[in-house]
Amino acid sequence: MSVGSDNMPATAPAVSTRPAFVRHAPYFIAAAIVVALAASMQFDGYVLNILMQATTFSIAVFGLSVVLGLCGQINLAQAAFFGFGAYAVGIGTTDLQMNYWLCLVAGCLAALAAGAFLGMSTLRLGGHYLAMVTISFQQIVTLVMINAIWLTHGPDGVSRIGRPALFTTSQGYLAFCVAMLAIVGYLVWHLPDTKLGRAMRAVRDNELAAGVNGIDVFRTKVSAFAICAALGGLAGGLFAGGFAYVSPDQFSFAESIVFLTMSLLGGVASPIGSAIGTGLLILIPEWLRFLKSVPGLYLAIYGLFVILIIRFMPDGIWGFVAAALDKWRTKIKTSPATKTLQLKPAMVGGDIVLEVQGLAKHFGGLKAVDNVDIAVRRGGVHALIGPNGSGKTTTLNVLSGLYKATSGRILLDGVDITTMPPHQRTAAGLGRTFQNIRLFRSMTALENVEIGAERPGNTMIGAGGGAALTERAMEALTFVGLGSRANEPITSFSYGHQRLIEIARALASNPTLLLLDEPAAGLNSTEKLELHELLKRIAAQGLTILIIDHDMTLVSEAAQHITVLNFGRRIADGESMAVLRHPDVVSAYLGSE
Amino acid sequence: MDLVLQLLFTGIGIGAVYALVALGFVLIFRATNVVNFAQGEFSMVAAYLMVVCVEMGLPYWLSFVLALVGMALLGVIFNLGVYYPLRHRTYLPVIIATIGASILLANSVLAIYGPQPQVLQGWFETPGIQLGPVYLDSQYLLIIAVTIALVIFNYWFFEHTMLGKKLQATSQDKEMASLLGISVSTMIMITFIYSAVLGGLAGILVAPILFVSIQMGSTIALKAFAATIIGGFGDVAGAIIGGLALGVIETFGAAYVSVPYKDGFAFLVLVAFLVFRPQGIFGERVAEKA
């Protein structure tokens, strides 16, 4: 929901060659200084409590910045996960007399497991399910905390909670919590640049496109949700040790809303925003203590805050600042790749790359695709044409797994992919573009293409390190003629160029078969000529293309083989010129006399 | 057996309330493609309005009318303040804004009225009638009767009036509807007013059975949402069947399993449906097209 501005890819080679621990040394030095300060400064009890709260809450809010900011999924039960960690340490160190560290880990794992379970039961469905299920879960956890007195001591809560032997003083424990905050903050800050982080951002921007680019959408969402829950559990465990007392009202739905407001206020996309929001929302109520004298008043104000932030400042305070800073940053022009993009489509199967047998897709009574056979020969351009509504795009969607086939078989290089989800088909070697462009809109052109390059099973990126990905993506962008604009955000490209970026994204993954869904739609005549040239250059490297288009000039010149659909059925199939002269095809397009 | 019949009656009565709120959910979802998380607060606010009016000494029927007029106004404000400015954004900001609105409404009432639950008298003097082994509470009878009447009204309104057809057209394809000269923003406004009144009606009807409290909104909303999933998201008949089913399950659960965890049954049923039959009893609309 917001643009991560902190993810400018490393472009100057001098930067990327230095190892990460050297580049990030200033962060760790600063963190060490803050930890030392926390350990040595003499705070009075009041300040200490506020710092302890701010530190532990920040970690919980980092969790929200992963799930909501990075992955675009909502979690309204963060206080419940926070409670898992807090009660694990609370009950563990008192009633069970267990080691603190063991309890802390157990709390994280319990939160992680609960988060993963909730995610797995809900994340296949739309986002509002998740919102309601997390609210329900939050209510259940509160019910259990209050009613399972044998376990949780009920409304009285758990007191005299222990701390680890290393950090028995409040000051020492605070320093420990600050150190944890610094470590978790570092990990969350760099998550967007990892494979999982990129997948999360892709899922947030466009789930369908993420799937056909080889990302397991469901697993990515569950991972984000589980990470968020685990961070909540960690924060809760630290909190319990800090305050030595926990009770159910500290982990209620209202607290989940407080976490959410903190995250939104600071800026959901980055851990800096999370920390800012947390700090402000802990300090402001302290300054305005009179608000707390009227029950409900400060939560009512939080509610109003949420509405106003969403409306007027969707990226939060830090998002606002970061956007302002971005304007000052000079646009780095990238130098196009010097090596030409190598397409080495896999050659394991026989002469036929894609074999479709008796494919059907019915929507209720409507037979959108009915008993269609297609055989795509290796190394050629194969066109699928037909009048509007003939079932072309439906066929493509069944091929790439966005729709389940009603019946029939799809073989890619001899492998049966009929029942695979989209990301597995991509891993098996399928690449595609969309008729209505589906790029990841909060990212740069380069980042988009990198996600394509990261396809599981792509042999062209070696071990798949960051540098190899960038190199491959730059080659693909250069191949389509956009190498010098790699660092620009998607929104600054024209419609025609966005199409080219989508093609580059598919090419970077080095597919065995490229599906192009009406690539010429909406292009002007110059752009169409460029597209034609591009198709020739792709075909020249031996990559097989299956193209859908309405532009008969393009189709007849580019394709050697044409399959024609009408009303969901195949009406002609064969060598281009012969098919275009076929009487059934002529009558389907022009009507019969 | 007598107990079973008695529980069945109570369950259907309470389920009818969930069904009414669920109906409000579904109508807004169909018109705007977002779930209004403040739907339950509509019920809560209406119940408080009713309490205020009755305490001022107004006759019951007049209080009832005033409370519903108040809800219609709230529907207008809600649409203009929460939904309308965000209508071109994705669903996530809208969901978060409605959650914010729900927190704002609940806690504003808490700040104004305090945490003590209020009591609202039932509509009738007679507490109920004995029918064989089953005691029929008059308020439950009223709830069931109103729900039946509203379901019939709803059917007539959406299928047989021009306004209802315009609303349906808007929910199915906003662009096409506006090309046909339907004012989409007016239709959405009407939907919010209607849903607020429906939610309010449910709140007023259920208030004499439960206490009027700040929490009643979120409790009812969760049950109603579970009801819509059980029935099949976005389906009007599904919402009603789901609501009734949930009311019955919950009543039997409280009687035979556990009272303190009564509110947890909805969640268990919800998760069971999400795992085993996410499309609900009546099936859901198909996923996004590529």
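I began with the distance between two domains: the centres of domain 1 of chain A and domain 3 of chain A, taken over C-alpha atoms, are separated by 34 Å. The domain bounds, which come from an automatic or database domain assignment, divide chain A into domain 1 (58-251), domain 2 (344-429 + 511-593) and domain 3 (438-510). I noted that this is a predicted model, in which local features need pLDDT of at least 70 and side-chain atom pairs count only at pLDDT 80 or more, while totals for chains, interfaces and linings use all residues. Residues are numbered from 1 along each chain as its sequence is written, and chains are lettered from A and ligands numbered from 1 in the order in which they are written.

Helices (H or I, at least four residues) and strands (E, at least two) are DSSP runs, numbered from the N terminus.

Next I turned to the sheet. Six strands of chain A form an open sheet with mixed pairing, in the order β8-β9-β10-β5-β11-β12, where two strands pair if DSSP finds at least two bridges between them. The edge strands, each pairing on one side only, are β8 (430-432) and β12 (569-575) of chain A. Strand β5 (residues 381-385) of chain A runs parallel to strand β11 (residues 561-566) of chain A, and four bridges join them. Within this pair I found A:His382 opposite A:His561 in β11(A). Helix α26 (residues 583-590) of chain A packs on the sheet and touches β11 and β12 of chain A.

What are the residues with the most contacts inside the largest nonpolar core? They are A:Leu477, A:Ala504, B:Val17 and B:Ala47, in a core of 276 residues. Such a core is a set of buried Ala, Val, Leu, Ile, Met, Phe, Trp, Tyr and Cys residues joined through C-beta atoms within 7 Å, and a residue is buried if 20 or more other C-beta atoms lie within 10 Å of its own. Helix α1 (residues 2-32) of chain B gives the most to this core, with 17 residues. Setting aside neighbours within four places in sequence, I listed the contacts of B:Ala47, among them B:Leu120, B:Ile204 and B:Met216.

Finally I looked at the two chains together, where 38 residues of chain A are in contact with 35 residues of chain B. On the chain A side, α6 (100-122), α7 (127-147) and α16 (297-312) each supply at least two residues, and the largest share, 13 residues, comes from α7(A).

For chain A as a whole, I recorded 26 helices and 12 strands, with buried residues making up 52% of its 593 residues. Its C-alpha atoms fill a box of roughly 90 × 55 × 45 Å, taken along the principal axes.

Conventions:
Two residues are in contact if their C-beta atoms, placed from the backbone, lie within 7 Å. A residue is buried if 20 or more other C-beta atoms lie within 10 Å of its own, exposed if 12 or fewer, and partly exposed in between; C-beta atoms are placed from the backbone. Axes are lines fitted to C-alpha atoms, for helices over the stretch in contact, and angles run from 0 to 180 degrees between N-to-C directions.
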